[in-house]
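Visitor: Could you show me how to read a protein structure, one feature at a time?

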Amino acid sequence: MNAILFVLTLAILAPGALLGSELPEAELPRDVGEWVRVLVPLRIQVPVTGLYGTEWTSELTAWNEESVAIVQGSPFVCRLDLCPPPLRQKADAVWSPYSAPARGNNRAVILFVERRAAASVWFALTLHERFTAELTAIPVVREDDFLRGGVVFPDVPVSAARRIHVRVYDPFNEPDSVAEVVIEDALTREILGSSSVTLEQAAPDQPSSDFDSHPAYGQISDLSALLRDGYTGSVLVRITMNHERPFWTFISLTDNATQDVTIITPQ
């Protein structure tokens, strides 16, 4: 079967309207366990203004080699139209009116891919600053790659030339997730700073559903602010959750002059 490429762009249709033919509900699995949960960490559809006059957007692309349903939210309430049949070449995806934009700083979404053929679906997510030519790849994370307990980033460079952003996600959108973030000198192991980050649960945009549209989310927008003034060097960042449920996190470094972004992911 020919592979099919999608670039996901913003489009709003009336409730129940789909871009392609509607897949009968009976053909979609109703048990959330028959779907693979996928975290899209930064879904920026409308440009967002940042520091230094920057404007940021992201582009999500899906490569679907089978007729595999991909949905945001419950497939029985709202859906992201990558669902067969048929699949159109380079079809625009449709964000259902039920899938409200993420709230506040939470710009992540959760997608669900049919487990029966999830290996046939691939994603690419890029971050783009309007006034630069650089694209930055952001991982799209499947549930098998979620973390548990905690993680250590052993070598994060700190300087006045860049800003450091820490993002933490609870892909199951539970109400009680807290991340303890501890910063140590990478050489001496001296504790330089710490912060407790309470993840904000995303308000449900559909009632009584296991198909969460958004994760719970928390962030540290400027890690350097937790350190003494003028500190430069390499630090170790330790993130520990208050539970053993799956979570995910990453760190971004943004150059203040060029706006180039470097992504540090758990290894």
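Visitor: Which backbone oxygen lies 3.1 Å from a polar atom of the side chain of Arg37?

Guide: A polar contact is a pair of N or O atoms within 3.5 Å; within protein, one must be able to donate a hydrogen and the other to accept it, and residues adjacent in sequence count only if both atoms are side-chain atoms. Here the backbone oxygen of Pro171 lies 3.1 Å from a polar atom of the Arg37 side chain. Please keep in mind that this is a predicted model, where local features need pLDDT of at least 70 and side-chain atom pairs count only at pLDDT 80 or more, while totals for chains, interfaces and linings use all residues. Residues are numbered from 1 along each chain as its sequence is written, and side-chain values use heavy atoms, with hydrogens and water left out.

Visitor: Is Arg37 buried or exposed?

Guide: Buried means under 20% relative accessible area, exposed over 50%, and partly exposed in between (1.4 Å probe, protein chains only). Arg37 has a relative accessible area of 5%, so Arg37 is buried. You will find Arg37 in strand β2 (residues 35-40); helices (H or I, at least four residues) and strands (E, at least two) are DSSP runs, numbered from the N terminus.

Visitor: How are strands put together into a sheet?

Guide: Strands of a sheet pair through backbone hydrogen bonds, either parallel or antiparallel. To count as a pair, two strands need at least two bridges found between them by DSSP.

Visitor: How many bridges pair β11 and β16?

Guide: Seven bridges pair β11 with β16 (residues 233-241), in the antiparallel sense. As a landmark, look for Val151, which stands opposite Ile239 in β16.

Visitor: What about β17?

Guide: Strand β17 (residues 246-255) is mostly covered, as nine of its 10 residues are buried. Eight bridges join β17 to β12 (residues 162-170), and the two run antiparallel; Arg162 stands opposite Asp255 in β17. Antiparallel pairing also links β17 with β18 (residues 261-264), over four bridges, and there Leu253 stands opposite Thr262. These two strands, β17 and β18, form a hairpin with five residues between them, and Gln259 in the turn has a positive phi of about 65°.

Visitor: Which residues touch the most other members of the largest nonpolar core?

Guide: In soluble globular proteins, nonpolar side chains tend to be buried together. A nonpolar core is a set of buried Ala, Val, Leu, Ile, Met, Phe, Trp, Tyr and Cys residues joined through side-chain atoms within 4.5 Å. The largest one here has 65 residues, and Phe123, Val156, Val237, Ile239 and Ile251 touch the most other members.

Visitor: How do I read aromatic pairs?

Guide: Rings of Phe, Tyr and Trp (its six-membered ring) pair if their centres lie within 6.5 Å; planes under 30 degrees apart count as stacked, over 60 as edge-to-face and the rest as tilted. By this rule there are three aromatic pairs. The ring centres of Tyr169 and Tyr217 are 5.2 Å apart with planes at 45°, so that pair is tilted. Tyr169 lies in strand β12 and Tyr217 in strand β15 (residues 216-220), so the pair ties together parts that are 48 residues apart in sequence. Trp248 and Phe250 form another tilted pair, with 5.7 Å centre to centre and 35° between the planes. Tyr169, Tyr217, Trp248 and Phe250 form one aromatic cluster.
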